[in-house]
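User: Hi! I'm new to reading structures, so please walk me through this one, starting with a pair of helices.

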Amino acid sequence: MPVFSYLAYPVKGAKEELLNELAALDHCEVMPAENEEILILVTDAPNEEQEQELQKKIKQLKSLQSLGMTFGHGDA
Amino acid sequence: MNITRRSFIKSLALNSAVAAASTLFPGISFGAWKSKDLPAGMIQWKKTPCRFCGTGCGLLVGVSSKRAVAVKGDPNCTVNKGLCCVKGYHSIQILYGEDRIKKALVRKNGKLVEVPLKEALDLVAQKMKETIKSHGKDAVAIYGSGQWSIPDGYAASKLFKGCIGTNNVEANARLCMASAVTGFLTSFGLDEPMGCYDDIDHADVFVTWGNNMAEMHPVLFSRMLANRQSKKHVKIIDFATRTTRSSQGSDKSILFRPQTDLAVANAICYEIIRNKWVNWDFVNKHVSFHKGKTNIGYGTQDHFKFKDKAETVDFKEYKDFLNDYTPENVEKISGVSAQDIKYMASLYGDPDKKVTSFWCMGMNQHTRGTWINNLVYNIHLLVGKISSPGNSPFSLTGQPSACGTVREVGTLTHKLPHGVVMNEGARKMAAEIWQVPVENIDPKPTYHTVEMFRALDRGDIRFMWVQVTNPMVTMPNLKRYRNGALKEGRFMVVSEIYPTPTSDVADVILPSALWIEREGFFGNSERRTQHNEQIIPTPGDTMCNTWQLIEVARRLGFEKQFPWSRETYIEDIWNEYIRFHDTPKHRMAPYKELKARSGIQWPFVNGMETKWRYNPKYDPAAQGDDFDFYGKPDRKAWIWLRPYEPAAESPDSEYPFWLNTGRVLEHWHTGSMTRRVPILHRAVPESYVEVNPDDAARLGITNGSKVKMTSRRGSIIMKASINGRGNPPKGMVFVPFFDEKYLINEVTLDAFCPISKQPDYKKCAVKLERA
């Protein structure tokens with residue numbers, strides 16, 4: 001049951017779009033900064049396989065410029 | 001505890017991301033994070049400024065199940081960058097003392113008995129009405145504090161000055177910061193420092209003037225040490241009257257005889273001129289020279305009056321004035337060697353060194369407090385080391401909102417939130433914002449703090465409301481003022497959180513909400529306004545001091561002036577208050593910004609803070625190319641000719657010792673909060689008198705033995721400390737004032753600076769004997 005957190009940077013002007021797209025994914029919680037163009041993403045996929053799948057989906061989002069991991073926990 | 005391992009890990013993940021974002025984007029705000037409803041038992045971290053000194057450290061308070069359970073430094077706060085002192089780390093424990101006052105008390109048949117809060121508030125309003133009717137509006141007074149949150153002071157000023165029409169508003173900052181204020185006003189025309197704590201990172205030399213920063217401002221002292229550690233060439237000079245922990249951490253400790261800092265400061269200027277270290281480009285363009293009255297007295301008599309008169313002089317007259325202050329002459333007065341005076345002058349005079357001077361109570365609690373503030377500014381002005389990174393004469397504050405509430409809101413008898421009561425324009429502005437007739441605001445100041453308590457003793461004041469301070473421990477020459485408060489026909493209201501010697505003399509005690517139990521703002525030493533939200537619920541019947549004032553104001557018929565709802569009154573007051581400061585010289589940050597960030601420095605103009613005033617590179621109000629001292633009509637900073645004059649009372653054959661009083665690291669002022677924190681109490685469980693080892697040997701006093709100390713006003717018996725954390729020179733003793741069991745202020749003298757009216761707690765004469 002891996003848990004990760006990231007700083008998610010949207011492409012210019014796409015913060016709202018990225019927020020909506022991430023929030024629509026399973027196992028994702030998103031928190032936008034009020035005064036900066038950045039979001040916090042916390043993922044808690046139930047197993048390693050779904051974690052891999054989730055990461056693929058996130059990386060396909062066109063509104064996402066980059067992700068910076070801030071926390072990682074791999075639980076059996 | 002209702003928390004799963006997984007939810008705990010998710011919380012850690014979230015907090016890590018917030019911390020990382022906060023490091024990358026200072027001031028970043030995640031509203032949703034703050035309001036996230038975490039499971040019971042999980043710690044939620046909320047920002048607040050520290051409750052104690054004027055440094056203004058940012059804290060993160062951990063809350064679980066509506067109780068504050070942990071504290072850590074806020075890494076996003078530029079003041080402390082995540083660091084705290086021992087008081088800060090234990091600060092939440094002040095909320096939970098066993099004898100916390102949670103119910104209103106009213107004295108009935110000589111005894112304080114619990115009553116419903118409404119009954120107590122009704123009685124306060126009724127007594128105010130009766131007193132005004134019988135004795136006039138100037139028979140009621142309020143005495144607050146630099147620990148007042150900004151809305152507390154604002155509501156008090158509006159009620160008393162705007163609505164009731166009396167200028168009987170004072171605060172204990174008169175006892176700690178008034179000389180700094182008059183120093184700023186006389187030298188620059190505007191209050192508060194031109195620099196900021198970033199100066200600590202830029203300076204090459206620090207001179208601390210009578211200032212034990214290692215104990216009183218430990219986080220800032222740590223920042224100085226960190227700068228020295230990283231740069232190696234950085235020097236810290238401790239210039240003081242006794243050896244302290246600050247001396248131990250400094251590169252050089254120079255001791256001077258009490259009061260003679262005046263002479264030494266002049267001697268430094270003499271040396272700067274003699275060695276041709278004057279920055280003439282700066283002086284010719286930005287400085288003018290002035291002298292004032294001399295032999296100005298000490299204010300020890302009731303109704304003492306003094307008004308200074310400035311006279312413009314030229315540089316030649318200033319230079320001639322300094323001829324009395326050669327290092328060799330001053331060595332005889334001060335005990336500081338001519339060589340050390342020349343060394344200090346060379347540090348200030350070296351054009352390649354950035355110099356920051358720090359001071360606090362040593363210079364301010366001084367019968368010539370205004371003058372010594374002026375004289376240190378003189379040094380910086382002669383060499384042009386001011387208003388730029390690392391070059392900073394910096395007056396530190398002792399309390400969390402001495403600047404924010406007392407100096408900026410203006411909770412002193414002569415002040416309004418903008419300007420002074422004597423100024424018609426300032427009265428008109430206040431009347432318009434407060435929605436009161438301008439005639440309500442009396443153009444004459446009434447009583448400064450010492451005179452206010454004298455008026456209480458005389459019976460000129462009959463009703464006094466004390467909030468957030470403990471004058472029955474802190475007033476100098478205390479016996480007179482305690483006896484005055486206890487006289488027949490006096491009515492004392494005390495808003496408090498714990499029983500104190502001040503609540504002992506109360507007729508009504510109103511239970512106050514403390515710090516993070518209510519929303520508010522503080523203003524620290526570097527012009528930084530800091531918001532705190534209400535983080536935990538108020539216990540029992542406790543009530544925010546601001547709301548206590550609003551309740552009483554409404555009972556007095558001022559509903560129109562105090563119309564706010566319980567949900568939004570702090571924001572509403574802030575929005576009203578900042579109208580007083582809506583110019584580029586002092587614009588305050590909007591509520592929303594303050595709520596989101598760990599403090600913002602004013603002037604806040606076009607979304608930008610101001611780190612260095614009077615310098616157009618940083619200050620939106622400054623004009624021209626380099627410096628602009630716009631506080632004075634001539635747009636220049638003023639160098640003052642201020643002589644050395646002796647203390648009000650000096651040792652003699654009958655009372656051969658200087659008595660110096662002050663604080664210790666572990667305790668906050670009178671100890672009413674910190675003595676209830678077990679670890680702080682155990683660290684310093686009681687007060688003591690520091691005695692020089694040679695004096696102790698001569699008098700047969702041993703460490704821990706009892707000593708009787710007597711002045712012309714009173715005596716006290718306490719244990720001796722020899723070679724403890726502080727060591728006074730021969731002929732001086734030092735006593736911390738935090739312990740109400742040992743009321744050292746029954747011994748001190750109520751002499752004050754005639755300009756600032758701030759008492760001198762550092763100098764009076766006593767005798768010592770074995771008890």
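Analyst: Happy to! H6(B) and H17(B) are oblique to each other; angles under 35 degrees count as roughly parallel, over 145 as roughly antiparallel, 65 to 115 as roughly perpendicular and the rest as oblique. Helices here are DSSP runs (H or I, at least four residues), strands likewise (E, at least two), numbered from the N terminus. Keep in mind that this is a predicted model, where local features need pLDDT of at least 70, side-chain atom pairs count only at 80 or more, and totals for chains, interfaces and linings use all residues. Residues are numbered from 1 along each chain as its sequence is written, with chains lettered from A and ligands numbered from 1 in written order.

User: At what angle do the axes of H6 and H17 of chain B cross?

Analyst: Helix H6 (residues 178–188) and helix H17 (residues 369–382) of chain B cross at roughly 50°, and their axes come within 8 Å. The axes are lines fitted to C-alpha atoms, for helices over the stretch in contact, and angles run from 0 to 180 degrees between N-to-C directions.

User: Which residues in H6(B) and H17(B) meet?

Analyst: From H6(B) there are Ser179(B), Ala180(B), Thr182(B), Gly183(B), Thr186(B) and Ser187(B), and they meet Gly369(B), Thr370(B), Asn373(B), Asn374(B) and Tyr377(B) in H17(B). Contact means that the C-beta atoms, placed from the backbone, lie within 7 Å. Nine residues of this contact are polar, two are nonpolar and none is charged. For those classes, Ala, Val, Leu, Ile, Met, Phe, Trp, Tyr, Cys and Pro are nonpolar, Asp, Glu, Lys and Arg are charged, and the others, Gly among them, are polar.

User: And how do H11(B) and H17(B) pack?

Analyst: Their axes are 9 Å apart at an angle of about 15°, which makes H11(B) roughly parallel to H17(B). Among the residues that meet are Leu262(B), Ala265(B) and Ile268(B) in H11(B), with Ile372(B), Leu375(B) and Val376(B) among those in H17(B). The contact of H11(B) with H17(B) holds eleven nonpolar, two polar and one charged residues.

User: How about H11 with H14 of chain B, what's the angle there?

Analyst: About 165°, with the axes of helix H11 (residues 261–274) and helix H14 (residues 327–334) of chain B 9 Å apart. That makes H11(B) roughly antiparallel to H14(B). Ala263(B), Val264(B), Ala267(B) and Glu271(B) in H11(B) meet Pro327(B), Val330(B), Ile333(B) and Ser334(B) in H14(B). By class, that contact has six nonpolar, one polar and one charged residues.

User: Zooming out, how many helices and strands are in chain B?

Analyst: Chain B has 28 helices and 27 strands. Its C-alpha trace spans about 70 × 60 × 55 Å along the principal axes.

User: Which domains is chain B divided into?

Analyst: The division is domain 1 (5–96), domain 2 (118–176 + 404–563), domain 3 (183–396 + 628–641) and domain 4 (657–748), with bounds from an automatic or database domain assignment. Between the C-alpha centres of domain 2 and domain 3 of chain B there are 34 Å. Six residues from domain 2 of chain B and nine residues from domain 3 of chain B take part in their contact. On the domain 2 side, four of those residues are charged, one is polar and one is nonpolar.

User: What pattern does chain A follow along the sequence?

Analyst: The pattern of chain A reads β-α-β-β-α-β, from two helices and four strands. The C-alpha atoms of chain A fill a box of roughly 40 × 20 × 15 Å along the principal axes.

User: How many residues of chain B are in contact with chain A?

Analyst: 19 residues of chain B are in contact with 18 residues of chain A. Helix H1 (5–24) and helix H2 (31–35) of chain B each supply at least two residues of the chain B side, and H1(B) gives the most, with eleven residues. That side of chain B divides into 14 nonpolar, three polar and two charged residues.

Definitions and conventions:
Two residues are in contact if their C-beta atoms, placed from the backbone, lie within 7 Å.
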